[in-house]
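Please look through the model shown here before reading on, keeping the sequence beside it. The briefing then takes its parts topic by topic.

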Amino acid sequence: MANIRAFKAIRPVRSKVHLVATRPYYSYKKNVLKAKLEDNPYTFLHIINPEFGASVKTKPNSKERFLQVRQKFERFKQEGILITDPQDHLYIYRQSKADFVVAGFFAGVSVDDYLNGQIKIHEQTLTAREDIFTTYLDIVGFNAEPVLLTYKGQDPIRAVLNKNLETRAEYEFTTTDGVTHELWLLNQADSQTICTCFEQVEALYIADGHHRSASSARYTQQLRARNTIYPKAADYFLGYLVEETAVQIAAFHRLLKSTNGLDITGLIAILKNEGVVEKLNGPSLPAQKHDIHLYMDHTWLKFRPNLNFINDQDPIETLDSFILSDLILKPIFGILDLKTTDQIEFIPGNEPLQKIIDFVDSKKFELAFLLHPADISAVKKVADAGLNMPPKSTWVEPKLRSGLTIYSLEE
């Protein structure tokens, strides 16, 4: 069963929600981030960057910096930019763009479900990042960026979702990237119905946000180790729950800086020992699993490995990201660890193909590898087996806004 809870969101006042809610700060280039901070006094980015424009600054990721974040957050509440709902709710959030619409629930998600394996993971986390985020939570006392989780859909959940989607939203605004954002507050009866329905959901799967969930769990464990009374809210973290069929998964493509002198003729000769190689008429994405497209010297190739090189019994070894590393990157180019190499750049699958072409044609990179995306069933198989996917195996959407519904850990 999945244990979720309604909560009193701290959220932007309706007239300023389009100004407050933001993409995560790390997704902005420095010049864009600077411009947004200069031009918009209401953006949540000011909370995350509380010392913007200050002549003397604290050290990044220090306790002193996190105290500044907390103080800026409190100031936003005092100035009425952020309000706190007087009652507990679940919140429906819908994100819409030209080719993609997804709707799901903001809720508190159980830390104990994470610790006992009811919430499945498919990615390793870095201890150093966990340490930073755990200290951050201990000082600031809130979650502002939800963890994206998927679940197997149920008709009763869909019924409540669809009923509320037919009503007028509390928020509706469109951002400059062409995405429309809508938010509904569920009444207490519907919130309780959804919480009860989720007790019948066998497991939740993290699609995006492994470090945030791991840090939340560590934070709660630290509170428990102190043997003092702490708020119930800290037994949960902010999640966004969507049906597993609703998420979009794209591949992460790979760009190689140097082929170490290997030309395209030599590369084709080597690849023919591992599978079938054919030239393509022009740029295209792989149309099926296990096809890998390559771009080098103004030439497009399709490589399909011999199936006897693929272990169909292992959910990791069937992934195209693993196959690429195992058959090409490691033996041919000596790239043993994608986490530490400086020879590989990752390009999300939502980026235009022309960007990859330009990178290679400009000689910034010598070779591009384009992968077919893994589907949700492949991700679930890895998570169910207790395994971890290779780095940068999936680019998952929706990408969520920070500061839309903030979850207080001190409620």
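Which two side chains meet in a salt bridge with 3.4 Å from N to O? They are those of E74 and K77, and like everything described below they belong to a predicted model. The points that follow begin with charged pairs, then turn to the nonpolar cores, a helix with its surroundings, a sheet, and some loop residues.

**Salt bridges**

- The structure holds 29 salt bridges, and the pair of E74 and K77 is one of them.
- E74 and K77 are three residues apart in helix α4 (residues 63-78), which means that about one helical turn separates them. An α-helix has 3.6 residues a turn, so residues three or four places apart point the same way. Both members of the pair are partly exposed, E74 with a relative accessible area of 24% and K77 at 27% relative accessibility.
- The side chains of D177 and R401 also meet in a salt bridge, with 3.6 Å from N to O. D177 lies in the loop between β9 and β10 (180-185), whereas R401 lies in the loop between β20 and β21, so this pair ties together parts that are 224 residues apart in sequence. D177 counts as partly exposed at 45% relative accessibility, while R401, at 11%, counts as buried.
- E170 forms a salt bridge with R14, and the closest N and O atoms of the two are 3.1 Å apart. Because E170 is in the loop between α7 (155-165) and β9 (171-174) and R14 is in the loop between β2 (10-12) and α1 (17-20), the pair ties together parts that are 156 residues apart in sequence. E170 counts as partly exposed, at 24% relative accessibility.

**Nonpolar cores**

- The largest nonpolar core has 53 residues, and those with the most contacts inside it are I47, L82, F142, Y240, L404 and I406.
- If its neighbours within four places in sequence are left aside, L404 is in contact with residues among them I10, V17, Y93, F106 and F173.

- Helix α9 covers residues 210-225, and its 16 residues should span 22 Å at 1.5 Å a residue, which agrees with the 23 Å between its end C-alpha atoms.
- Several residues of α9 are buried, including H210, S213, A217, Y219 and L223. What covers the buried residues of this helix includes α6 (127-140), β8 (147-151), β11 (204-208) and β12 (236-243).
- Just after α9, N227 takes a positive phi of about 60 degrees.
- Strand β11 is itself mostly covered, since four of its five residues are buried. Strand β6 (residues 119-120) runs parallel to β11 and is joined to it by two bridges, whereas β8 runs antiparallel to β11 and is joined to it by three bridges. Y205 in β11 stands opposite K120, and T150 also stands opposite Y205.

**The six-stranded sheet**

- Six strands form an open sheet in the order β15-β17-β16-β19-β14-β18, with antiparallel pairing. Strands β15 (275-279) and β18 (344-348) stand at the edges and have a single partner strand each, so one side of each is left without a neighbour in the sheet.
- Neighbouring strands of this sheet are turned against each other by 25 degrees on average, with direction ignored.
- Within the sheet, β14 (residues 252-256) and β19 (residues 367-371) pair in the antiparallel sense over three bridges, and the bridge partner of R254 in β19 is F369.
- Helix α11 (residues 320-333) packs on the sheet, and its direction makes about 160 degrees with that of β19. Helix α12 (residues 353-361) packs on the sheet too, touching β14, β16, β17, β18 and β19.

**Loop residues**

- N260, found in the loop between β14 and α10 (264-271), has a positive phi of about 55 degrees although it is not a glycine. At 60% relative accessibility, N260 counts as exposed, because the cut-off for exposed is over 50%.
- K363 lies in the loop between α12 and β19, where its phi is near 70 degrees, a positive value in a residue other than glycine. K363 is exposed, with a relative accessible area of 58%.
- P398, in the loop between β20 (395-397) and β21 (407-408), is joined to E397 by a cis peptide bond whose omega is about 20 degrees.

Technical notes:
Residues numbered from 1 in each chain as written. Predicted model: local features only at pLDDT ≥ 70, side-chain atom pairs only at ≥ 80, totals over all residues. Heavy atoms only, no water. Core = buried A, V, L, I, M, F, W, Y, C linked by side-chain atoms within 4.5 Å. Buried < 20%, exposed > 50% of the residue type's maximum accessible area, 1.4 Å probe, protein only. Contact = heavy atoms within 4.5 Å. Expected span 1.5 Å × (residues − 1). Pairing = 2+ DSSP bridges. Axes fitted to C-alpha atoms, helices over the stretch in contact; angles between N-to-C directions. Salt bridge = Lys/Arg side-chain N within 4 Å of Asp/Glu carboxyl O.
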